[in-house]
Amino acid sequence: MHPVVQLNVLQEVLELFQIDDESSSAALQQLQPDQDHSESVVAEQVFWTLLQAAVSGTSSSHTMQFEGSIQSHKLSVLLDSDSSNTFISSELASLLLGIQPLDQPISVRVANGELILCSSHLPNAQWSLQHCNFQSDLKVIQLQHYDLIMGMDWLESHSPMKIHWKYKWVLIPYGCSFHQIHLKAGEEPKTAFQTHFGHFEFKVMSFGLYGAPGTFQGAMNVTLQPLLRRCVVVFFDDILVYSKSFEDHFFHLRQVFQLLAKDQWQVKLTKCTFAQRQIAYLGHVINQEGISTNPDKVKAIAEWPVPSNSKELRSFLGLAGYYRKFIQPFTIVAKPLTELLKNHTLFVWTESHQSAFDALKSTLCSAPVLAMPDFAQPFYIETDACGAGVGAVLWQNGHLLAYISKPLGPKSANLSMYEKEYLTIILAVDQWRSYL
């Protein structure tokens, strides 16, 4: 006998139709295996309304649907408070990676009494919904009109929360970093937006508001100001605490949490890691040896296909350019490629472009590890100039900190070698003035 879990949205429907407790109990009893078909007319109406809204996929003012994504696939999502688990459709699951069989199959009972056998799942699945990322164990069943049904396991993992089933809003406290900042009273109409389900306004700062990133970054800087660049760096909601020893790290963490608690910031434990000797941060890997490129990003660059248009080339240069400080002649090597991006330039891929493309990929695959700067020690700059461009290297105690390079235009190429050297010094000092 397989264990049975319930899959329905009766709680929402009963509240929407304002059914009394007696009728509610009768409707819920329809889900029992030994229930006959002699229930009340009201209960049957609720039962069929459920089928119309949740099973047939019809849209009405009494349903709430979302759009999300998983592994680059779009999701049609239904929030279901009476489902004991979070389910994903077998059709979509066939396109995903990581599907595993269950140790014991589970029978899922739908509102119409039908039993669906669930024999596989997608553990620790990463998926997103409205700019928020989630991780869930998704059970695979046959779903006709929804790709994903969020059940009680998902709701409980984000408790405490406030739920109003009649008006269909769910408040998850501090589920997103931006939403921890409340809007000034009277400013809510500026965030208004219209949907098929009515007119809505934000009460907290949303992700897409103009100036929201700067506001959030400024708020984090104010909170962590006593520790910034001493043992903490912060970029939006990514807080990096660094220390020379475990004892110092424990003390610094306590200080960070005290500052966050003082300003009533909350963090999510599942997204935190502590006492790490190596960590990926903002596309880099940081450890005791220094700063290196992220292997996942480098792999994406190494496997990048040959661009067929300027848009694809711009995307490649944007990703590769993020690691330009790891490549000494980056801009000089990439010059043939950047020439293709100029206005009124016909996109024609030649051998010189292919050579520059391959050179950038191979250089990034063997990029050096950059040392961490020590502001108690002096910095040194080494410059060089040639006919094609200029470049400089930032050193400290014999360890490489960063590269910089710049190709020369027609006017600058005619300068004397002395003038090019001077130009390199100006470029390096301007670029690394914060170190010098």
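Here are some questions and answers on helix packing, sheets and confidence in this predicted model.

Residues are numbered from 1 along each chain as its sequence is written. Local features need pLDDT of at least 70, side-chain atom pairs count only at pLDDT 80 or more, totals for chains, interfaces and linings use all residues, and side-chain values use heavy atoms, with hydrogens and water left out.

Reader: What pLDDT does the chain average?
Author: pLDDT is the predictor's confidence in each residue, from 0 to 100. In this chain, 80% of the residues score at least 70. The chain average is 79.

Reader: How many contacts beyond four places in sequence does the model have for residues 1-54?
Author: Over that stretch pLDDT stays under 50. Where pLDDT is low, the predicted coordinates should not be read in detail. With contact meaning heavy atoms within 4.5 Å, the count for residues 1-54 is 105.

Reader: Are α8 and α12 roughly parallel or antiparallel to each other?
Author: Helices (H or I, at least four residues) and strands (E, at least two) are DSSP runs, numbered from the N terminus. Axes are lines fitted to C-alpha atoms, for helices over the stretch in contact, and angles run from 0 to 180 degrees between N-to-C directions. The axes of α8 (residues 295-302) and α12 (residues 351-365) come within 9 Å and cross at roughly 155°. Angles under 35 degrees count as roughly parallel, over 145 as roughly antiparallel, 65 to 115 as roughly perpendicular and the rest as oblique, so this pair is roughly antiparallel.

Reader: Which residues of α8 and α12 make the contact?
Author: By class, the residues of this contact are five nonpolar, no polar and one charged. Here Ala, Val, Leu, Ile, Met, Phe, Trp, Tyr, Cys and Pro count as nonpolar, Asp, Glu, Lys and Arg as charged, and the others, Gly among them, as polar. From α12 come K361, L364 and C365, and from α8 come V298, I301 and A302.

Reader: Which residues in α9 do K297, A300 and I301 in α8 meet?
Author: The axes of α8 and α9 (residues 310-321) come within 10 Å and cross at roughly 150°. Their contact divides into five nonpolar residues, no polar and one charged. The α9 residues are F316, L319 and A320.

Reader: Are α9 and α12 roughly parallel or antiparallel to each other?
Author: Their axes come within 11 Å and cross at roughly 30°. F316, L317 and A320 of α9 make the contact with F357, L360, K361 and L364 of α12. The crossing angle means the two helices are therefore roughly parallel.

Reader: Which residue in β16 does Y281 stand opposite?
Author: β15 and β16 (residues 284-287) pair in the antiparallel sense over three bridges. They belong to an open sheet in the order β15-β16-β17. The residue opposite Y281 is H284.

How values were computed. Pairing = 2+ DSSP bridges.
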